[in-house]
Amino acid sequence: TANAVLGLWPANAVGDDIEIYADDARSHVLMTWHNLRQQNQKPAGNPNQFAIDVPHSVAASRSGEWEDHGETRTWRYAATVPEAVSLSFHAPRIHLPPSATLTVSSPATTTLYRAADVADGGLWSRIQPGNTLEFALDVRADEAAQVVLEITSLQVGDLRLDRRMRAMAAGDPDTPCVENY
């Protein structure tokens, strides 16, 4: 006797909810699954944590600084979001030649990315604690022209979702995302 039924349907997030469709064309909504985010109880003084997608355009071809070290070249860039408790980034266009290593560091952790970490020409980074990401891309000098790295946004973990962060996410030019390089 069966104890469960499993089905797979096309679905999309709509705000906090999920619409489940009758067909792949998504022309008819079968049902809407209503959700509330982060419903679990938190201890006092430990509020829910949120991530905000902050537009932040960075490209190795026009941002940061390149340094020559004879046989190798290094690209450096850093971004700080003062209110962040964690950061990650999205690079929808990235190509790392075989010799390239992208090192992304926060005050607490370091993560290395190589060509094998790129999927379909893009990269969603791991979340790193802190309010700063420092990038260092090392590559053989003869492969440096092959590097493509275009970051379009930072994902900012924030405990308060205060007005400053919402303004930054909305592209308010008076809200700082500090660049250091």
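I began with Ser-125, which sits in the loop between β11 (123–124) and β12 (128–129). I took strands as DSSP runs of E of at least two residues, numbered from the N terminus. The model is a predicted one: local features need pLDDT of at least 70, side-chain atom pairs count only at pLDDT 80 or more, and totals for chains, interfaces and linings use all residues. Residues are numbered from 1 along each chain as its sequence is written, and side-chain values use heavy atoms, with hydrogens and water left out.

**Entry: Ser-125**

Is Ser-125 buried or exposed? I found Ser-125 buried, because its relative accessible area is 12%; buried means under 20%, exposed over 50%, and partly exposed in between, with a 1.4 Å probe and protein chains only. A polar atom of the Ser-125 side chain lies 2.7 Å from the backbone nitrogen of Phe-89. I then listed the contacts of Ser-125, leaving out residues up to four places away in sequence: Ser-88, Phe-89 and Tyr-113. Contact here means heavy atoms within 4.5 Å.

**Entry: aromatic rings**

I counted five aromatic pairs, where rings of Phe, Tyr and Trp (its six-membered ring) pair if their centres lie within 6.5 Å; planes under 30 degrees apart count as stacked, over 60 as edge-to-face and the rest as tilted. For Phe-89 and Tyr-113 the ring centres are 6.2 Å apart and the planes at 80°, so I noted the pair as edge-to-face. This pair links distant parts of the chain, with Phe-89 in strand β7 and Tyr-113 in strand β10, 24 residues apart. Both residues, Phe-89 and Tyr-113, are buried.

Phe-89 also pairs with Phe-135: the centres are 5.2 Å apart and the planes at 70°, so this pair is edge-to-face. Again distant parts of the chain are linked, Phe-89 in strand β7 and Phe-135 in strand β13, 46 residues apart. Phe-89 has a relative accessible area of 0% and is buried; Phe-135, at 3%, is buried. Which residues form the aromatic cluster? I wrote down Trp-75, Tyr-77, Phe-89, Tyr-113 and Phe-135 as one cluster.

**Entry: nonpolar core**

The largest nonpolar core has 30 residues, and Trp-75, Phe-89, Ile-94, Leu-102, Phe-135, Leu-137 and Leu-149 touch the most other members. The elements giving two or more residues to this core are β4 (50–59), β6 (72–80), β7 (86–91), β9 (101–105), β13 (132–140) and β14 (148–158). A core is a set of buried Ala, Val, Leu, Ile, Met, Phe, Trp, Tyr and Cys residues joined through side-chain atoms within 4.5 Å. In soluble globular proteins, nonpolar side chains tend to be buried together.

I looked up Leu-102 next. Not counting residues up to four places away in sequence, Leu-102 touches Phe-89, Ile-94, Leu-96, Thr-111, Leu-112, Tyr-113, Phe-135, Ala-136, Leu-137 and Leu-149.

**Entry: Thr-111**

Thr-111 is found in strand β10 (residues 110–113). Thr-111 counts as buried because its relative accessible area is 11%. Beyond its neighbours within four places in sequence, Thr-111 is in contact with Leu-102, Thr-103, Val-104, Arg-126 and Gln-128. With Gln-128 there is a side-chain to side-chain polar contact at 3.2 Å. A polar contact is a pair of N or O atoms within 3.5 Å; within protein, one must be able to donate a hydrogen and the other to accept it, and residues adjacent in sequence count only if both atoms are side-chain atoms.

**Entry: pairing with β13**

Strands pair if DSSP finds at least two bridges between them. β6 and β13 pair antiparallel over nine bridges, and Arg-76 stands opposite Ala-136 in β13. β9 and β13 also run antiparallel, joined by five bridges; the partner of Ser-105 in β13 is Glu-134.

**Entry: salt bridges**

I counted five salt bridges, taking a side-chain nitrogen of Lys or Arg within 4 Å of a carboxyl oxygen of Asp or Glu. Three of them are noted here.

- Glu-67 and Arg-76 meet at 3.2 Å, N to O; Glu-67 is partly exposed at 26%, and Arg-76 is partly exposed at 38%.
- Asp-68 and Arg-73 have their closest N and O atoms 2.7 Å apart; Asp-68 is exposed at 58%, whereas Arg-73 is partly exposed at 24%.
- Arg-140 and Glu-143 meet at 3.4 Å, N to O; Arg-140 is partly exposed at 40%, whereas Glu-143 is buried at 9%.

Arg-140, Asp-142 and Glu-143 are linked in a network of salt bridges.

Note on methods. Helix = DSSP H or I, 4+ residues; strand = E, 2+ residues; numbered from the N terminus.
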